[in-house]
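This report describes how a ligand is held by its protein and then turns to selected features of the chain. The sequence and structure are shown first.

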Amino acid sequence: MADCIFCKIVAGEIPSTKVYEDEAVVAFRDVNPQAPEHILVIPKEHVACGVCEINASNAAVIGHVFEVIAKITKELGIQDFRVVSNNGEGAGQTVPHIHFHVLGGRDLSVTMG
Ligand code: 5GP
Ligand code: ZN
């Protein structure tokens, strides 16, 4: 989709540090990391805007996103981690292409919010 930062990353129009890519999903390091390990995992297809738009036609790729999260955390040796998906501006969402933050590499046990 035009003017979507993550679609541009998928297309290679904006550079990113990719840690995983297949035909349906890409994972890359967040440009402004909130933890030592901060990876964004996204479907290549533009699912706007977030979790509230998951439905029968895109649920399979979202399931695959979680399969990729399990795979890359193992490969990168990230044992304890948190998966976050902000949905809506009031939740802190800034990019309207569904994405899942994977945060790890530090103690995340104290607060969840
Ligand atoms: P949100 O705030 O929508 O939940 O998450 C968007 C995330 O995308 C933010 O953590 C932000 O740092 C990251 N981000 C925004 N623009 C870029 C970019 O051009 N490259 C990368 N790698 N991350 C980005
Ligand atoms: Zn997009």
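Predicted model: local features only at pLDDT ≥ 70, side-chain atom pairs only at ≥ 80, totals over all residues.

## Location of the ligand

Two elements each give two or more residues to the shell around ligand 1, namely helix 1 (5-11) and strand 2 (25-29). Of the elements, helix 1 gives the most to that shell, contributing 3 residues.

The shell comprises 16 residues, and the closest to ligand 1 are Asp-30, Asn-86, Gly-92, Thr-94 and His-101. By residue class, the shell around ligand 1 contains 7 nonpolar, 7 polar and 2 charged residues.

## Polar contacts and burial

His-99 places a polar side-chain atom 3.0 Å from an oxygen atom of ligand 1.

Arg-29, by contrast, makes its contact through the backbone: a polar backbone atom of this residue is 2.9 Å from a nitrogen atom of ligand 1. Taken alone, ligand 1 exposes 520 Å², and the protein buries 83% of that area.

## Aromatic pairs

The structure contains 2 aromatic pairs. One of them joins Phe-6 and Phe-28: the ring centres are 5.5 Å apart and the planes meet at 75°, so the arrangement is edge-to-face. The cut-off behind this assignment is an angle over 60 degrees between the planes.

Phe-6 belongs to helix 1 and Phe-28 to strand 2, so this pair ties together parts of the chain that are 22 residues apart in sequence. Helix 1 and strand 2 are also the elements that give two or more residues to the shell around ligand 1.

## Backbone features

Most peptide bonds are trans, and most residues other than glycine have a negative phi. Where does the backbone of this model have a cis peptide bond? The bond from Ala-48 to Cys-49 is cis, with omega near -15°. Cys-49 lies in the loop that runs between strand 3 (37-43) and helix 2 (59-76).

Asp-3 has a positive phi, near 70°, although it is a residue other than glycine. This residue is located in the segment before helix 1.

Notes. Residues numbered from 1 in each chain as written. Chains lettered and ligands numbered in written order. Heavy atoms only, no water. Near = heavy atom within 4 Å. Polar contact = N/O pair within 3.5 Å; in protein donor to acceptor, adjacent residues only side chain to side chain. Areas by Shrake-Rupley, 256 points an atom, 1.4 Å probe, with all protein chains shown as cover. Helix = DSSP H or I, 4+ residues; strand = E, 2+ residues; numbered from the N terminus. Nonpolar A, V, L, I, M, F, W, Y, C, P; charged D, E, K, R; others polar. Phe/Tyr/Trp six-rings, centres within 6.5 Å; stacked < 30°, edge-to-face > 60°.
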